[in-house]
Amino acid sequence: MSLLIALTWEPKPWVERFRKYLPDRDIVVLGENLDRNAVRYVATWGPKPGSLSGLPKLEAIFSLGAGVDHLMGYPDLPDVPIIRVAQDNLTNRMSEYVVMHCLMYLRDQRRYDEDQRVKRWDAERTPPIAGDVRVGVMGFGVLGQDAARKLKVMGFDVAGWSRTPKNVDGFQVYSGEEGLASFLNRTDILVSLIPLTSDTAGILNRSLFEKLARDGALGGPVLINAGRGRLQVESDILSCLDDGTLKAATLDVFEVEPLPQDSPLWLHPRVTVTPHNAAVSEPEATARYIAEQIRRHEAGEPFQNVVDRGRGY
Ligand code: NDP
Ligand code: OXD
């Protein structure tokens, strides 16, 4: 029985790691001589249309990332459980990214970078402390809650927003449409960690930015989007930066990736661009996690982190 790797990335590191953690299985890559009847599991990211069909013994599909929007619109998606990545290696990377960018805004680091470039010694400014800054984490799941806990250790005043109501020790969690305006109204730094679904596409738009707090210690609201690019309306981000509705933005994800060369986001003085690598799926940790899910399944235990197809995440 085999595990099929269906990827748009270089498969070699994945093949090596899956062979290490599943030594008794055939690890096959799509495109190689493939016995479709032998495939029991698929590990995939952005599979080409048709590549997941005609696998009669398939028992599960593993997304190689935390997000599954790359699978949700997939034609003829086999009716087997879809399991997403939720493990510490990826979660810690995301929290590092979120905490770092919140601290950069707190301490106005981009401005000091510029001062250094022009050899300007400006010791007059006193930045706020973290406790003066309200961070709103939009999407209070695995990644959002871990980032929130680590932001709180730094002293930030953190709240969350999720689809359904939840009690999370130490945090005020707003939920649903009815909680959104109050959540935004108390937010100086908006951190987006929600999945891309039919409900969330385009949610990061002018109308939402206009509801962010205008009385904060940073002198204007800031957006950090490390969720998905199609959550954001880039023309709205640009116009909101121009008219002061937003003070700055850190974007790891974009409507079109790689970010096109002619995008004004690249050179905008108040935009920080990173190449969708806030939290990469590292092959070693991800293969270990998937091997453990297969072990659980074959021992009669339930898979963990199964995607709800109805919700789309
Ligand atoms: P989870 O499923 O654990 O959490 C998702 C959260 O979003 C939940 O709190 C959920 O609410 C909330 N949510 C979903 N839909 C809505 C909605 N319509 N309104 C309000 N809240 C909503 O996912 P993860 O935390 O593991 O990952 C989040 C996303 O991060 C991924 O889907 C992916 O897109 C992105 N990501 C980006 C990476 C990068 O490198 N840039 C790396 C990894 C992930 P509820 O709790 O009620 O279900
Ligand atoms: C993910 C990602 O969803 O890397 O894991 O974007």
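Start by selecting ligand 2 and R228: a polar side-chain atom of R228 sits 2.7 Å from an oxygen atom of the ligand, which counts as a polar contact (a pair of N or O atoms within 3.5 Å; within protein, one must be able to donate a hydrogen and the other to accept it, and residues adjacent in sequence count only if both atoms are side-chain atoms). Bear in mind that this is a predicted model, where local features need pLDDT of at least 70 and side-chain atom pairs count only at pLDDT 80 or more, while totals for chains, interfaces and linings use all residues. Residues are numbered from 1 along each chain as its sequence is written, chains are lettered from A and ligands numbered from 1 in the order in which they are written, and side-chain values use heavy atoms, with hydrogens and water left out.

Next comes G67, where a backbone N or O atom lies 2.7 Å from an oxygen of ligand 2. On its own, ligand 2 has 210 Å² of accessible area (Shrake-Rupley method, 1.4 Å probe), and the protein covers 85% of that. Now show the whole shell: W45, G65, A66, G67, L90, R228, H276 and A279, each with a heavy atom within 4 Å of the ligand.

Which residues come nearest to ligand 1? Of the 29 around it, pick R84, T164, K166, D252 and Y313. Zoom in on K166: its side chain has an N or O atom 2.4 Å from an oxygen of ligand 1. For R84, the corresponding side-chain distance is 2.8 Å. A279 also belongs in this view, with a polar backbone atom 3.0 Å from an oxygen atom of ligand 1. Ligand 1 alone exposes 940 Å², of which the protein buries 93%.

Select its 5 strands, an open sheet in the order β2-β1-β3-β4-β5 with parallel pairing. Strands here are DSSP E runs of at least two residues, numbered from the N terminus, and two of them pair if DSSP finds at least two bridges between them. The edges are β2 (26-29) and β5 (82-83), each pairing on one side only. Inspect β3 (residues 39-45) against β4 (residues 60-63), which pair over 4 bridges; V42 has I61 in β4 as its bridge partner.
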